[in-house]
Amino acid sequence: MRTVLRKIRNHFFSAFREIFVYHHTSLEFRAKTYAVMIAGAEEPIHRYLDVLEEIAGEIYAESDRAAALVMTVQEYVSASGAKKTRNDQTLIYDIVEELRLMPRYAQKIEPAHLRRLQSCTSEDANKIYQERIIEFLSRKRLDFEEAKR
C-alpha cells in the first residue's frame, strides 16, 4: 500500500513539477548533468541510486527537493534508455543550450559529484566515456565562469 501511494505521489509530483518545485529549471539542469553520466554508461540506474541520493541530500536540505532531483534524474535516464525522445547526446546539447541561456548554471556542474557517480560504473569503456563527459562539462563550467568575469 505504501509503495502504491509513493508511486502515485511521484507521478503527480512529476506531472506538476513546474508548479510544486521552486526553481524547477535549476533542479532539472542538475538532473540532466547527472543523467548524462548515467545514461551514457548504459548500465542499470539502480547501481547509481544510493550515491545519487547522497548527492541530492548534500545539495538540498529539504528532503522533498532532494527526492525531486533523484526522481527527475530517473525520468531522464528512463527516457534516454527508451530512446524515444532523448539520448545522452540530446542531454549534452540541452545542457550547453541552457548554459548559454543561464550562464550562472555553470556553477551547478560539480565534477566531484560526477566522479562519485562514475565510481559506480563497472565497465572500463563506460568509465572512459564518463571521464570524457566530466572533462567536457568541467571545461564548459570554466568557459562560462571566465566569460562571466
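**A charged pair up close**

Let's start with Glu98 and Lys32, whose side chains come together in a salt bridge, with 2.3 Å from N to O. The term salt bridge is used when a side-chain nitrogen of Lys or Arg is within 4 Å of a carboxyl oxygen of Asp or Glu. Side chains of opposite charge can pair when their charged atoms come close.

Before going on, keep in mind that this is a predicted model, where local features need pLDDT of at least 70, side-chain atom pairs count only at pLDDT 80 or more, and totals for chains, interfaces and linings use all residues. Residues are numbered from 1 along each chain as its sequence is written, and side-chain values use heavy atoms, with hydrogens and water left out.

So where do the two partners of our pair sit? Glu98 is buried, at 18% relative accessible area, and Lys32 is buried too, at 6%. Here, buried means under 20% relative accessible area, exposed means over 50%, and partly exposed is in between (1.4 Å probe, protein chains only).

The salt bridge between Glu98 and Lys32 links distant parts of the chain: Glu98 belongs to helix α6 and Lys32 to helix α3, 66 residues apart. Helices are DSSP runs of H or I with at least four residues, strands are runs of E with at least two, and both are numbered from the N terminus.

Arg30 counts as buried at 9% relative accessibility, whereas Glu110 is partly exposed at 24%.

Now zoom out. The structure holds eight salt bridges, and the chain has eight helices and zero strands. Of the 149 residues in the chain, 44% are buried. Take the contacts (heavy atoms within 4.5 Å) between residues at least 6 apart in sequence: 73% of them join residues at least 24 apart. The pair we began with, Glu98 and Lys32, is 66 residues apart.
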